[in-house]
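The following briefing is intended for reading alongside the sequence and the coordinates.

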Amino acid sequence: MAVSSQRKWATGYLIAVVLLFITYQFLFPWDGLPMGIYDFLQLWLPPMAVNESLVYVICALGLNIVVGYAGLLDLGYVAFWAIGGYCAGWFMSEFFYMVNLHFFGSVAKVAPGIHVNFWGVLLIGGLVCAFFGILIGAPTLRLKSDYLAIVTLGFGEIIPQVFFNGDDIGGFNLSNGTKGITILDPIPAGIKNIGPFDFGYKFIIFVFLAFVMIFISLRLRKGRLGRAWLAIREDELAASMMGVPLMQTKLAAYAVGAFAGGLGGVAFATHVDGVYAERFNFSISIFLLAMVVLGGMGNVWGVILGALLLSWINSTGLPAFGQTFNNRFGTEINFPSFTFLLFGLVLILMMLYKREGLIPESRLRLILHEGDVEEDLSAKESK
Amino acid sequence: MKATVEAKKFTGTRGQVRRKRIELSGAAIIGLLLVVWLGANLIKAPTQFAQVTVLGLRNGLLYALIALGYTLVYGIIELINFAHGDLFMLGALFSSYFITIWFHQENSNLAGWVTFLLALIAAMLFCGTINVLIERLAYRKLRRAPKLAPLITAVGMSFLLQFIGIKWNGSTPRQWPTVIPHGEYVWFGVIISQVTIILILVAAPLLTLLTFVVNKTKRGKAMRATAQDQDAARLMGIDVNKTISFTFAIGGALAGAAGLLYQQSVGTTNYNLGFQLGLIAFTSAVLGGIGNLNGAVLGALLIGVVQGLNDGLPIALGQRWSQTVVFTILILILVLKPAGLLGKATTEKV
């Protein structure tokens with residue numbers, strides 16, 4: 001049952017991917033496309049938004065491992081995103097112009113700066129993030145869950161601020177401050193290099209990364225580590241009694257989650273062709289959390305759905321709806337400003353009425369509604 | 001043989017001893033660095049040192065009012081109320097509207113003073129009511145749910161309040177006229193503004209009143225009992241729901257007072273004000289030992305002073321690293337001494 005439904009999901013996603021690729025790579029630039037359809041697509045589903053939502057899918061899947069699988073609340077996930085992004089900025093641009101380092105780069109050998117191959121940078125970004133994940137996790141993971149949330153939140157505030165102020169750390173320009181690092185190397189992909197505006201091919205790369213994350217998530221969950229995570233999430237004490245090493249298991253969740261954050265960061269940097277410190281703010285952490293919560297904590301397909309849905313609403317759906325609505329009724333309502341309301345309501349209402357998410361994971365539903373029976377009883381008593 | 005089996009005094013398991021050692025050495029290193037840093041600055045610029053300390057204490061008082069809200073709520077239902085900082089922001093907005101737009105007071109005269117006092121009461125009522133409503137509508141239902149659920153709800157609530165802030169204030173900072181005087185006294189070369197004095201005059205009685213309510217009244221006793229054990233408190237005839245509502249009301253009222261004081265002393269409001277100040281206040285509460293009222297005040301004053309010193313001293317990281325300094329303190333405390341300065345070390349209940 002589980003396998004067949006998963007296969008159904010996978011087939012569905014594959015068909016959607018192929019259709020989207022054909023649409024944007026061949027249909028979109030085609031002159032014969034009726035203007036109405038072109039405008040409709042440009043307004044409601046521009047290629048930029050599709051790629052961005054895939055970046056969110058990658059990150060949300062990483063956060064899902066920490067929050068959904070291991071049950072540790074991480075409110076500073078944006079830090080990993082930022083670190084990954086700056087890894088791309090440092091190793092794929094002319095930013096460090098004083099050195100000239102090439103490692104299978106995609107630009108001419110004479111160009112100054114560090115130029116590492118995109119696939120190498122993905123690995124570097126992921127590993128650096130995993131390192132930071134362990135670094136922040138090791139001393140804090142023995143704290144109670146809500147303290148952990150706060151430490152991660154503080155970490156998520158510190159890292160972007162370091163990059164924000166990083167144009168002068170003891171006289172050294174680490175991050176170019178508010179100006180950010182722009183113009184990254186194109187992505188080498190065998191036959192051709194993928195520049196910043198090759199949305200179609202970049203789409204394929206992002207889809208590939210998302211598939212890697214889906215694969216990792218599903219495989220890990222079935223394995224020993226994944227079962228240990230679920231055990232910790234459900235009852236830490238019982239898990240440790242059964243011989244699950246708490247620290248190592250939690251650290252593993254942190255490291256894998258951070259690795260995914262790094263991948264997402266590198267992907268996002270290539271998506272916008274640069275890194276800008278002010279983009280890495282707290283609301284991104286919450287945004288990702290809302291995706292995981294909305295879709296269903298612990299359920300890979302749910303999280304993907306949540307990520308696609310919310311990122312589409314945020315980047316395209318809400319502004320496009322606002323534009324259409326305002327044109328139709330002659331109003332001037334600023335719809336994008338309602339994103340705060342939207343995320344807030346998603347988090348609150350999901351927690352109050354459907355804690356297990358849109359596509360629930362059966363095990364989690366049982367745990368999350370553990371207290372409800374008692375509550376009903378006490379309510380009856382008081383009547 | 002017998003000499004080697006000498007009974008040692010039990011000082012804890014090996015892990016506990018090691019932890020204590022880590023804690024002590026960490027505290028020693030940090031203390032040493034602090035002394036060196038403060039000493040260097042004191043020698044270099046003594047007047048400036050005193051000046052920034054006064055400023056820091058003033059901010060610390062403001063943080064204390066907010067931190068108490070965190071600590072009260074955490075003490076009673078073990079929830080980090082993320083929305084509390086944003087409640088403070090709403091309090092600041094409410095005060096600005098109350099004084100400037102609804103009562104048209106822009107100068108420091110008798111009418112201005114009366115409005116200020118009215119605004120204090122109104123803002124406290126306003127924020128207290130909102131906090132009670134939040135608890136009633138969102139948190140109460142989740143009281144027995146797993147920890148993750150109310151925490152996520154609180155984050156969502158924070159966003160909801162920020163949305164109200166955006167709609168009410170606009171998305172850019174807004175300047176307001178103030179009704180409290182902005183004169184200054186000079187005392188041994190240290191400037192003490194009238195704002196500081198007013199802040200003390202308003203905050204000190206509130207803090208005293210709070211201590212009185214919690215420690216001396218029947219309601220306070222009920223609060224402490226509920227914090228210890230909800231079920232036992234219920235068996236003793238305490239209305240737990242009402243007590244928790246009351247706690248939220250007090251926390252909200254303090255946030256409202258802080259909002260008014262902040263708005264009147266700084267004169268600017270912004271929708272994301274609550275996020276930053278809320279985090280600083282929360283750090284203060286953790287520093288002092290979350291759940292401990294005196295600890296929250298002590299922590300807030302300390303954080304205020306540290307922030308003031310960092311922002312204003314000649315040998316320091318400067319204002320642009322202010323947040324980083326505060327969060328680093330937070331992380332260090334949680335790592336080295338999670339119970340805080342005045343908090344009792346508790347093991348996780350099983």
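**Domains, fold and interface**

The centres of domain 1 of chain A and domain 2 of chain A, taken over C-alpha atoms, are separated by 26 Å; domain bounds come from an automatic or database domain assignment. This is a predicted model, in which local features need pLDDT of at least 70 and side-chain atom pairs count only at pLDDT 80 or more, while totals for chains, interfaces and linings use all residues. Residues are numbered from 1 along each chain as its sequence is written, and chains are lettered from A and ligands numbered from 1 in the order in which they are written.

**Domains of chain A**

- The assignment gives domain 1 (1–30) and domain 2 (54–280) in chain A.
- Five residues of domain 1 of chain A are in contact with five residues of domain 2 of chain A, contact being defined as C-beta atoms, placed from the backbone, within 7 Å.
- On the side of domain 1 of chain A that touches domain 2 of chain A, there are four nonpolar, one polar and no charged residues. Ala, Val, Leu, Ile, Met, Phe, Trp, Tyr, Cys and Pro count as nonpolar, Asp, Glu, Lys and Arg as charged, and the others, Gly among them, as polar.

**Overall fold of chain A**

- Chain A contains 15 helices and seven strands; these are DSSP runs, with helices (H or I) of at least four residues and strands (E) of at least two, numbered from the N terminus.
- Chain A is as compact as a globular protein of its length, because its radius of gyration of 22 Å is close to the 21 Å that the globule rule gives for 383 residues. The radius is taken over C-alpha atoms, and the rule is 2.2 Å times the number of residues to the power 0.38.
- Along the principal axes, the C-alpha atoms of chain A fill a box of roughly 75 × 55 × 45 Å.
- Of the 383 residues in chain A, 47% are buried. A residue is buried if 20 or more other C-beta atoms lie within 10 Å of its own, exposed if 12 or fewer, and partly exposed in between, with C-beta atoms placed from the backbone.
- Among contacts in chain A with a separation of 6 or more, 74% join residues 24 or more positions apart.

**Annotated spans of chain A**

- An unreviewed UniProt entry places the feature "transmembrane region" at several spans of chain A, including residues 53–72 and 251–272; such annotations may be inferred rather than shown by experiment.
- Residues 53–72 of chain A are 85% helix and 0% strand, with end C-alpha atoms 24 Å apart.
- Residues 251–272 of chain A are 100% helix and 0% strand, and their end C-alpha atoms lie 31 Å apart.

**Interface between chains A and B**

- Chain B contributes 37 residues to the contact and chain A contributes 41 residues.
- Helix H5 (148–169), helix H10 (273–288) and helix H12 (322–336) of chain B each give two or more residues to the side of chain B that touches chain A.
- H5(B) gives the most to that side, with 13 residues.
- The side of chain B that touches chain A comprises 25 nonpolar, seven polar and five charged residues.

**Selected residues**

- Arg224(A) lies in helix H8 (residues 224–234) of chain A and counts as exposed because it has 10 C-beta neighbours inside 10 Å.
- Asn327(A) belongs to helix H12 (residues 300–329) of chain A and, with 9 C-beta neighbours inside 10 Å, counts as exposed.

**Confidence**

- The model scores ipTM 0.79 and pTM 0.84.
- Chain B averages a pLDDT of 84, and 95% of the residues score at least 70; pLDDT is the predictor's confidence in each residue, from 0 to 100.

Technical notes. Two residues are in contact if their C-beta atoms, placed from the backbone, lie within 7 Å.
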